[in-house]
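Here is a friendly note to read with the structure open beside you. Take the points in order and look for each one as you go.

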Amino acid sequence: MKGGVLLLVVFLLVAIPLTSSWGNCFEKPLLFLSLLKKGAYQEAYKMQDEKMQILLPQATLQKMWEDMKKDLGTLLSFETRTTTRKDGYLVTTILCRFERMTLLAQVALDEREKIAGLYFFPSTEKEYHPPPYADENQFTEKELVFGTPGWELPGTLTIPRGKGPFPALLLVHGSGPNDRDETIMGNKPFKDLAWGLATQGIAVFRYDKRTYVHGVRLSTSPELLQLTAEEEVIADALSALQLLRKQPEIDTERIFLLGHSLGGYLAPEIARRDGKLRGIILCAAPARALHQLIPEQMEYLFSLDGHLDTEELQKLEAARKAVEGINRRTFAATDIIPALGGYASYFYSLLNLNPTESARKLSLSILVTQGGRDYQVSKRDFTLWQEALANHPEASFRCYPVLNHLLFPGTGPSTPKEYEQPNHVDEQLLKDIASWIKKLTVTTK
């Protein structure tokens with residue numbers, strides 16, 4: 001979506017009865033969406049609590065919804081799915097059918113029945129079918145919980161059958177609030193990787209991201225203003241590696257990390273601070289800070305119809321100016337940057353890192369992979385990795401011409417619509433990752 005402010009994501013919610021003291025728990029969230037649907041933005045704005053009114057003033061709320069309509073078409077219908085209690089809020093999940101995509105909306109109410117959080121994400125109601133290269137008879141799974149006290153996260157360790165201990169791979173997500181499978185509609189790239197690699201004899205740990213599990217708390221407290229890459233990704237990845245080393249099925253000398261997209265950008269820093277990894281894999285990893293990629297992504301998407309209209313040119317210009325402001329650090333840390341969709345403090349935290357320089361100094365094996373059809377992280381970044389690691393003795397590079405950003409094969413220009421189609425992580429990529437890990441683990445034994 002273009003320009004939307006996404007403020008709430010929830011997971012691991014505990015169901016509550018509909019006869020709670022909150023009254024008719026569906027009424028207010030449905031009314032809020034109804035007001036947005038008919039363009040009654042002032043009335044919808046008044047339904048928000050004080051914090052939401054600051055985060056989503058009427059003009060921003062209107063722009064968010066108008067941008068969603070432009071991208072997704074008219075909201076045709078919506079229906080409630082669940083109502084749950086989390087961190088003192090009542091969270092209703094509503095299935096929203098737009099003309100071109102079906103989304104799930106999560107609307108949080110405080111005790112005064114004011115709107116305290118709002119988040120849209122693609123519906124995952126499509127059934128997941130395992131990839132043909134995954135054999136469920138070849139592995140087992142167990143659930144684990146870990147993390148900083150107060151920010152605990154659940155995850156799944158996929159363990160090959162047979163005699164261990166096994167080499168292991170930690171999966172680190174891309175940007176945004178992702179579940180452990182990196183679910184996009186019915187597609188689950190991280191589940192594909194976990195099941196496919198476990199079939200090949202490699203244990204895999206994947207977990208739900210902090211912004212996914214604790215979205216209500218983050219979106220309704222000052223902690224959101226202080227969220228950086230450290231809290232969103234790095235601290236939890238380091239904690240997950242500690243957890244892996246405590247599992248009896250895992251060979252502690254043969255642990256690897258795979259970072260996808262933003263996870264790849266942060267992987268060198270995670271590896272530097274951990275100090276014990278055997279190797280890292282960078283999949284569709286930007287070599288530049290996230291905000292610097294956004295104008296390129298926007299221009300690509302705007303140009304799919306063959307031309308840029310006035311509104312699109314204005315959005316591009318606003319994004320480029322915002323990027324320049326972040327680069328020069330002209331914004332206050334607490335400033336919201338609408339053109340980039342986040343707080344300045346978050347973008348500054350990424351700008352403070354130098355992943356190519358960090359990777360160059362690592363004395364471990366590095367595999368960099370890139371899809372030739374990836375418009376979110378382009379081959380320009382792949383080239384930057386190649387240049388930075390040209391003299392690294394244990395760096396290797398592989399480009400897959402038909403893969404998109406989700407590591408899925410396809411044809412023609414990649415588009416967001418492509419992500420909705422059922423697909424799986426490319427089998428050749430998975431085999432190459434497995435071979436690379438196995439080759440390294442053999443030499444260490």
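The points below go from the whole protein down to a single residue.

1. Please keep in mind that this is a predicted model. Its secondary structure comprises 15 helices and 15 strands. The radius of gyration is 22 Å, close to the 22 Å that the globule rule gives for 445 residues, so the protein is as compact as a globular protein of that length.

2. If you turn the model around, you can compare its extents: the C-alpha trace spans about 65 × 50 × 40 Å along the principal axes.

3. How much of the protein is buried? Of its 445 residues, 56% count as buried. The protein exposes about 18,400 Å², and carbon and sulfur atoms supply 52% of that area.

4. Now consider which parts of the chain meet. Among contacts with a separation of 6 or more, 68% are between residues 24 or more positions apart.

5. Finally, zoom in on Asp 110, which sits in the loop between strand S4 (102-109) and strand S5 (115-122). Is Asp 110 buried or exposed? Its relative accessible area is 9%, under the 20% cut-off, so Asp 110 counts as buried. What does its side chain reach? The side chain of Asp 110 reaches the backbone nitrogen of Arg 112, at 2.9 Å.

Technical notes:
Residues are numbered from 1 along each chain as its sequence is written. This is a predicted model: local features need pLDDT of at least 70, side-chain atom pairs count only at pLDDT 80 or more; totals for chains, interfaces and linings use all residues. Side-chain values use heavy atoms; hydrogens and water are left out. Helices (H or I, at least four residues) and strands (E, at least two) are DSSP runs, numbered from the N terminus. The radius of gyration is taken over C-alpha atoms; the globule rule is 2.2 Å times the number of residues to the power 0.38. Buried means under 20% relative accessible area, exposed over 50%, partly exposed in between (1.4 Å probe, protein chains only). Contact means heavy atoms within 4.5 Å. Accessible areas come from the Shrake-Rupley method with a 1.4 Å probe; for residues, only the protein chains shown count as cover. A polar contact is a pair of N or O atoms within 3.5 Å; within protein, one must be able to donate a hydrogen and the other to accept it, and residues adjacent in sequence count only if both atoms are side-chain atoms.
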